[in-house]
Amino acid sequence: KKAGDAAVALWNKEGAPRFMQPDSSAVPPVSLIEAFLYSSASSNKPDWKPVFERCLANGWNITPKFSQRVWYFLLMTAGSQNDAKGVRTILEEMLDVQVSLDLIESGAVVRAFNALT
């Protein structure tokens with residue numbers, strides 16, 4: 001958990017000012033974003049959400065390159081945080097980029113669906 005906290009703090013200090021500004025056209029490497037999302041998820045912090053939202057088609061458009069593991073952690077985190085809107089956004093994006101739920105561990109899907117009820 002502490003490693004995740006450190007990664008989130010580093011992103012907030014170094015990554016966010018470069019990539020998250022409204023007028024920024026810079027697109028971060030997918031590996032950096034995946035690492036941040038994993039770290040944020042492992043720390044169970046809500047920091048993942050604005051970064052994920054920036055990854056969508058109206059932003060960096062990098063979700064088609066996400067690994068299955070990142071989708072798993074996103075669903076687990078949004079579900080754990082009882083973030084129904086976040087779960088819906090993740091599931092809609094998974095459908096848009098044709099991620100198979102068959103490849104996602106069932107625990108993450110169950111946790112995400114529980115946030116919707």
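Mentor: Gladly; what follows takes the labels one by one, and please keep in mind that this is a predicted model.

Trainee: Let's begin with charges. How many salt bridges does a search of the whole structure find?

Mentor: The search finds two.

Trainee: What makes K49 and D83 a salt bridge?

Mentor: The closest N and O atoms of K49 and D83 are 3.1 Å apart. The cut-off is within 4 Å, for a side-chain nitrogen of Lys or Arg and a carboxyl oxygen of Asp or Glu. The pair therefore counts as a salt bridge. K49 lies in helix α3 and D83 in the loop between α4 and α5, so the pair ties together parts that are 34 residues apart in sequence. Both residues, K49 and D83, are buried.

Trainee: And why is the pair R69 and E105 called a salt bridge?

Mentor: Here N and O are 2.8 Å apart, and the limit is again within 4 Å, so the name applies. This pair also links distant parts of the chain: R69 is in helix α4 and E105 in the loop between α5 and α6, 36 residues apart.

Trainee: Are R69 and E105 buried, exposed or partly exposed?

Mentor: R69 has 42% relative accessibility and E105 has 44%. Buried means under 20% and exposed means over 50%, with partly exposed in between. R69 is therefore partly exposed, and E105 is partly exposed too.

Trainee: Now the aromatic rings. How many aromatic pairs are there?

Mentor: The count comes to seven. Let me take Y38 and F73, whose rings are 4.7 Å apart, centre to centre, with 85° between the planes.

Trainee: Why is that pair called edge-to-face?

Mentor: Two rings pair if their centres lie within 6.5 Å, and planes over 60 degrees apart count as edge-to-face. Y38 lies in helix α2 and F73 in helix α4, so the pair ties together parts 35 residues apart in sequence. Y38 is partly exposed at 43% relative accessibility, whereas F73 is buried at 17%.

Trainee: What makes the pair W48 and F52 tilted?

Mentor: The ring centres of W48 and F52 are 6.3 Å apart and their planes are at 50°, so the pair is tilted. Stacked would need under 30 degrees and edge-to-face over 60. W48 and F52 are four residues apart in helix α3, which separates them by about one helical turn. W48 is buried, and so is F52.

Trainee: Which residues form one aromatic cluster with W48 and F52?

Mentor: The cluster consists of W48, F52, F66 and W71. F66 lies in the loop between α3 and α4.

Trainee: How do you know that F66 is buried?

Mentor: The relative accessible area of F66 is 7%, and buried means under 20%. F66 also touches several residues beyond four places away in sequence, including V30, I33, L37, F52 and W71.

Trainee: Why is α3 called mostly covered?

Mentor: Six of the eight residues of α3 are buried. They are W48, K49, V51, F52, R54 and C55.

Trainee: How do you know that the buried residues of α6 line one face?

Mentor: Those buried residues are A108, V109, A112 and A115. Seen down the axis of α6, they fall within an arc of 120°, so they line one face of the helix. They pack against α4 and α5.

Trainee: Where does F113 lie, and what makes it partly exposed?

Mentor: F113 lies in helix α6. At 40% relative accessibility, F113 falls in the partly exposed class. Together with L101 and L116, F113 makes a nonpolar surface patch of about 240 Å².

Notes
Residues are numbered from 1 along each chain as its sequence is written. This is a predicted model: local features need pLDDT of at least 70, side-chain atom pairs count only at pLDDT 80 or more; totals for chains, interfaces and linings use all residues. Side-chain values use heavy atoms; hydrogens and water are left out. Helices (H or I, at least four residues) and strands (E, at least two) are DSSP runs, numbered from the N terminus. Buried means under 20% relative accessible area, exposed over 50%, partly exposed in between (1.4 Å probe, protein chains only). Patches are made of residues with over 30% relative accessible area and no salt bridge: like charges are joined within 9 Å, nonpolar side chains (Val, Leu, Ile, Met, Phe, Trp, Tyr) within 5 Å. Accessible areas come from the Shrake-Rupley method with a 1.4 Å probe; for residues, only the protein chains shown count as cover. Rings of Phe, Tyr and Trp (its six-membered ring) pair if their centres lie within 6.5 Å; planes under 30 degrees apart count as stacked, over 60 as edge-to-face and the rest as tilted. The arc is that of the directions from the helix axis to the C-beta atoms. Contact means heavy atoms within 4.5 Å.
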